[in-house]
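These notebook entries record what I looked up, residue by residue. I begin with a position in a loop and then turn to the core and a helix.

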Amino acid sequence: MSASREDILQELGLWPQWRRRDLPAEIENSLEHAASGNAGEAPARSTPVVQKKSGALTSPVLPLDQRVAEIAGMEWPQLKQSVADCTACALHKGRNKTVFGVGDEKAEWLFVGEGPGADEDIKGEPFVGQGGKLLDSMLAAIKLKRGENVYIANVVKCRPPNNRNPEADEVAQCEPYLHRQIEMIRPKLIIALGKVAAVNLLKREASVASMRGKIHDYRGTPMIVTYHPAYLLRSLPEKARAWEDLCFAVETMKGLQSAAAAPT
Ligand code: URA
């Protein structure tokens, strides 16, 4: 009796995590071929790769440790494609567009929000709604501009339904993308926008009020916490505090730039 597809996937350690998507005929055939005992050579990669109809390579959902390792080895084009194709958590089901991040891939400044809202989900770009306009004004106030020495990203790349906070499992699946972005950008300073971003980056529960005004460490990169622009739109008194945070960030950046320029 020939082995079923599930038997083979289980044997390869790919079941039940493996999810079928867009399976083209040639891969379907090779599985049937393997199932009938005529399998050819084992694939060179431990991670199975599926050729999508678009021609892009994408991986099925992997166990988290394998996923982290795979994403950690990606360069920009592969990383962008992987985010665009991602189905690792339930958020993909409700998205229109993934929101990878935008800006200068060699930026000194990295601003991190929590996740796309409705406008971002439609446009595929972070912070393009009302909060985004305020963020652009905040950037302008410290003589920065989206895309010029500035990169903007989010903790999760797909919109959580009704703009709820992302769940822990959604963050766990998505944060390897942000880690890789940060590793490649190598910003001098990260600005966490709001509590959800800060708490998920720092991995400890705290209020924005208690985290502001300090230089935190995010995997070796200095990080400052301020209020989320959407919160500032609703809470005018905090705008003055956000301005203090921006001034603190500018001073911190100057210190980091001069430390980098100082002879060793
Ligand atoms: N809020 C966020 O945290 N990120 C966005 O991209 C938009 C709104």
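**Entry 1: Val128**

I located Val128 in the loop that runs between α5 (118-123) and α6 (130-141). I note here that the model is a predicted one. Is Val128 buried, partly exposed or exposed? Its relative accessibility is 23%, so I recorded Val128 as partly exposed; the class of buried residues ends under 20%.

I then looked up the surroundings of Val128. Setting aside neighbours within four places in sequence, I found Val128 in contact with Asp119, Glu120, Lys123 and Arg146. I also noted a separation of 9.0 Å between the C-alpha atoms of Val128 and Gly117, which stand 11 residues apart along the chain.

**Entry 2: the nonpolar core**

How many residues does the largest nonpolar core have? I recorded 60 residues, and among those with the most contacts inside this core are Leu79, Trp109, Leu110 and Met223. Helix α7 (residues 168-185) supplies the largest share of this core, with 7 residues.

Beyond its neighbours within four places in sequence, Leu110 is in contact with Tyr151, Ala153, Ile182, Ile185, Pro187, Leu189, Ile190 and Ile191. Tyr151 and Ile191 are also listed among the core residues with the most contacts.

**Entry 3: Glu175**

I returned to helix α7, where Glu175 is found. Which residues does Glu175 touch, not counting residues up to four places away in sequence? I listed Val155, Asn200 and Lys203.

Conventions:
Residues numbered from 1 in each chain as written. Predicted model: local features only at pLDDT ≥ 70, side-chain atom pairs only at ≥ 80, totals over all residues. Heavy atoms only, no water. Helix = DSSP H or I, 4+ residues; strand = E, 2+ residues; numbered from the N terminus. Buried < 20%, exposed > 50% of the residue type's maximum accessible area, 1.4 Å probe, protein only. Contact = heavy atoms within 4.5 Å. Core = buried A, V, L, I, M, F, W, Y, C linked by side-chain atoms within 4.5 Å.
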